[in-house]
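Hi everyone, thanks for making time this morning. Let me put the structure up on the screen, and then we can walk through it together.

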Amino acid sequence: MSKTSKIDDTIDMLNQEISEATSDEEYCQFLTFYMDNEEYGIDILSVQEIRGWEAATAIPNAPGYVKGVLNLRGTVVPIVDLRLRFGMNQAEYSALTVVIVVNVHAENGVKVMGIVVDAVSDVHSFALSDIQSSPELADNRNTSFVTGLGNINDKMVILLDINAMLTAQDDADFSSLRSRSDD
Amino acid sequence: MSIDLSQFHQVFFEESYEGLDIMESALLNLDPANVDAETINQIFRAAHSIKGGSGTFGFSQVAEFTHVVETLLDQIRGGERELTANFVELFLEAVDCIRRMMNQLEAKEPCDIPEAATIRKNFEDILAGKDTGGGSPSPATIADEAKADAAPSGWKIYFKPGEDIMRTGNDPLRMFRELASHGPLTVSVVVDDLPSISGIDPEKSYLRWNLELLANVDKSAVDEAFEWVVDESEIVIEPLGGAEQAIAATEAVSPAQPATPVQPAAQPESAKPAVADLPAQTNTQTTAPAVTPAVVSAEKASAPPATESKSAKVDKSKVEVSSIRVGIDKVDSLINMVGELVITQSMLGELGRDFTMDKLPKLLEGLDQLSQNTRELQESVMRIRMLPISFTFSRFPRLVHDLSRTMGKKIELKMIGENTELDKTVMERIGDPLVHLVRNSLDHGIEKPEDRIKAGKPETGVITLNAYHQGGNIIIKVQDDGAGLNRDRIREKAIANRLIAETDKLADEQIYDLIFRPGFSTAEKITDISGRGVGMDVVRRNIQELNGSVEVESDPGVGSSFTIRLPLTLAILDGQLVRVGEHVYILPLISIVESLQSFKGMIHRVAGGCDVLRLRNEYVPIIRLWKIFNIEPEYRDLDDALLVVVEGDNMKVAILVDDLLAQQQVVIKSLEENYRRVEGVSGATILGDGTVSLILDISGLIKLAGVRRDEYKRVKNDSGRAA
């Protein structure tokens, strides 16, 4: 119980920071979170809010990483499990599991989506000059979502391009593996 | 059939006032020096709608008056005439006149505007070509003339207006603006005649001007600017000393000028910049020292910059969403309900402050009241938005009746699905497109009785209006059994209007699609019913603004059919909740034929095909929801299963579900908005407990299950043989 409330406090605090977030030409603020013991960051200006995980309504025949849709104050929001999106093993959803609600700029306007991550960490500012470009790994499709690598106290943070990640048409990788079971 | 049209008068007046406002603001934004085709189109459409509406409701004075206005607008739009400041004035007068007519009609007074006749006369004179004041030849001809005459490079003008010039509504500024449209204009004012301040009559003009126009134009073009004041003013026009480079410059540039009015299709969708820009623009043109003509004209040729049109577009869309018309009584009843809700809330609050168990019955009673208040409130809010489409349909019988009589055609109007509910905002904006489509069917579609008899068809033509829900859409069909679209004539016309090149090879559908392009019309002669080519472009635009689509199908000699497809995004649906495994889905109640518990013997397995349910003397294919959705069900056995028989895409299917839950009204939310289209699902909704539930799309399910129509037909034939 105490652990859960601590999470709630963290979420509240981060939501506060998100609402005040700014960016300028030199510095960029990133919301960081954990997945499989690595720390990832996304541009805080694309983050709408953070909420705890709750069960979503499944969408038929959706790719495996789409966990379903949630009701976010009257808006139907699709939820993507980032681990599965990256081809990692699925983690058990726990009290620490959070959904980061992001605004994605797609061709036909802004879409609201949720991403499931292991846990949120913090909000960090990076000087744009400090961000290193990511190493080119030719045969890994996931690296195209990585905009760069940032450093906080010798810790590496992988910075993601949330737009590219969530708008990419990448169903085939998963849906082709799911064959329809016959009765 | 008699329908009381007077109930729609108010709507018509409101729409017309809106249209007049649009015309007015567009006219005011219009710069004669730099005519924006889209703005002209906008004014034209507004006038066209007012004309159409007043025709429908039998306000013939307004209709006739507007027809004249519209004809002139059409000529300007088509590039046959150049817009001058005088025209703008005249149009504004006409707008005022129409507005006064509307006021009188609304007050149920006889329509009697003395100026109407004068204004109409003015328009008719212009149209008849008597008035050179407005009726200048097309820009192309000007350029030719200018070249041929090698006129001097400019004009020196002395202009002393009569004292009463302002009273007659002539503004020198407008004249100068018009002059400035020909080229750089230097204006200097002579104030010698000004009396002392105590002697000034503010309504009189005491000023004189010396003007220098650096433009290679005909004297007539200059005369034109002063056309309206020539009688009361002193005007001297002299050629300016020649500078040859100016001639060369004009020659180089003038062929580019006609591009603006002639090609409306190529224009970016844009409204004119704000009014405030106008004086500023003119000022720089008049006061700035004369720049070389080449530079100015070149700027003008590339006039509508992309950025400007973009910002204007944003403004426009903002305005669009701002208003919905609701009767004051409905608002009052809402306020009453909110009042009751507040009372209930305070009562419950009171109760909660010092609650003891003996107050339980009172609490329950209060909660009951609360739920009733909420339901009533919800219903009346919904009622504001949702109306049966008969609201729109019911204005058509009169329209068809009147028009078929004036055209000497025999036409029967059939209306189907009048109770299909439609969001009010959608309905308001679908009315005009529908009027256009019906008018088109009447005018172009249905043939004259004698032609019909010759073609071996019944004398009376039939126009069918059909509305129904399909999947996540509302479909409205306007169908006629007339001659169909004339493929070759559309093609010819499109080539003549340079919409396509002569060498273009187009499929039939592509050719039919051309009728939706702006400025397209195949009518041999312009009637006041349709045939100006405005209808179809408005139709498509209005429908696309609602995120819908319109398609045309045509069969020569058999008829044509326009299918409007509108999303249900805002619509409400009566839904049946069904459960499969742990998932709850919603079936549109309207598509459900019946629900039944199957027993052995009702189910047949068709070898190599699908399983079918024998329903009386019909065989219905069975769709297993769990199978096509890849989910885990509770029951897989088809014997003793719960089946919901639904109809979609003109065929019946039986859907296997685990359980039937409640029936309720659901608000449709879009899945596409944040996700994408999902096959077999038309949308989502939020249930009472806050969870999201998906609304099933029957025709999508049929597609997903791979039940093909021919297969279904075969089964049906088999059943016929068996029976």
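Let's begin in chain B, where helix 17 passes helix 18 in a right-handed crossing. This is a predicted model, by the way, so please keep that in mind throughout. Helix 17 of chain B covers residues 396–407 and helix 18 of chain B covers residues 424–445; their axes come within 10 Å and cross at roughly 30°. With angles under 35 degrees counting as roughly parallel, helix 17 of chain B and helix 18 of chain B are therefore roughly parallel to each other. If you want to select the contact on screen, take B:Phe396, B:Leu399, B:Val400, B:Leu403, B:Ser404 and B:Met407 from helix 17 of chain B, and B:Leu434, B:Val435, B:Val438, B:Arg439, B:Leu442 and B:Asp443 from helix 18 of chain B. Sorted by class, the residues in this contact of helix 17 with helix 18 of chain B are nine nonpolar, one polar and two charged.

Helix 2 of chain B spans residues 37–56 and helix 3 of chain B spans residues 60–77, and here the axes come within 9 Å and cross at roughly 155°. What does that angle make of helix 2 relative to helix 3 of chain B, roughly parallel or roughly antiparallel? Angles over 145 degrees count as roughly antiparallel, so helix 2 of chain B is roughly antiparallel to helix 3 of chain B. Their crossing is left-handed. On the helix 2 side of chain B, the contact includes B:Ile40, B:Ile43, B:Phe44 and B:Ala47, and on the helix 3 side of chain B, it includes B:Val62, B:Thr66, B:Glu70 and B:Leu73. By class, the contact between helix 2 and helix 3 of chain B holds nine nonpolar, six polar and four charged residues.

Let's stay with helix 3 of chain B and turn to its contact with helix 4 of chain B, residues 85–106: the two axes come within 11 Å and cross at roughly 160°. That makes helix 3 of chain B roughly antiparallel to helix 4 of chain B. The crossing of helix 3 and helix 4 of chain B is left-handed. From helix 3 of chain B, the contact takes in B:Gln61, B:Val62, B:Phe65, B:Thr66, B:Val69, B:Leu72, B:Leu73 and B:Ile76, and from helix 4 of chain B, B:Phe87, B:Phe91, B:Ala94, B:Cys97, B:Ile98, B:Met101, B:Met102 and B:Leu105. How many charged residues does the contact of helix 3 with helix 4 of chain B have? The contact of helix 3 with helix 4 of chain B has no charged residues, alongside 14 nonpolar and two polar ones.

B:Cys97, which is part of that helix 3 to helix 4 contact in chain B, is buried, with a relative accessible area of 0%. Over in chain A, A:Cys28 is buried too, at a relative accessible area of 13%. How many disulfides does a search of the whole structure find? Zero, over all chains.

A quick overview of chain B: there are 25 helices and 22 strands. Of its 723 residues, 48% count as buried. Taking contacts in chain B with a separation of 6 or more, 71% are between residues 24 or more positions apart.

Next, chain A. You'll find four helices and 10 strands there, running along the sequence as α-β-β-β-β-β-α-β-β-β-β-β-α-α. Chain A has 183 residues, and buried residues make up 47% of them. For contacts in chain A between residues at least 6 apart in sequence, 58% join residues at least 24 apart.

Last stop: a few loop residues in chain A. A:Asn37 sits in the loop between strand 1 (27–35) and strand 2 (38–43) of chain A, and its phi is positive, about 65°, although it is not a glycine. Is A:Asn37 buried or exposed? A:Asn37 is exposed, with a relative accessible area of 76%.

A:Asn61 lies in the loop between strand 3 and strand 4 of chain A. The phi of A:Asn61 is also positive, near 60°, in a residue other than glycine. A:Asn61 is partly exposed, with a relative accessible area of 31%.

A:Glu54 is found in the loop between strand 3 (47–52) and strand 4 (66–72) of chain A, and is partly exposed at 37%.

Technical notes. Residues numbered from 1 in each chain as written. Chains lettered and ligands numbered in written order. Predicted model: local features only at pLDDT ≥ 70, side-chain atom pairs only at ≥ 80, totals over all residues. Heavy atoms only, no water. Axes fitted to C-alpha atoms, helices over the stretch in contact; angles between N-to-C directions. Helix = DSSP H or I, 4+ residues; strand = E, 2+ residues; numbered from the N terminus. Parallel < 35°, antiparallel > 145°, perpendicular 65-115°, else oblique. Left-handed = near helix turned anticlockwise from the far one by under 90°. Contact = heavy atoms within 4.5 Å. Nonpolar A, V, L, I, M, F, W, Y, C, P; charged D, E, K, R; others polar. Disulfide = S-S within 2.5 Å. Buried < 20%, exposed > 50% of the residue type's maximum accessible area, 1.4 Å probe, protein only.
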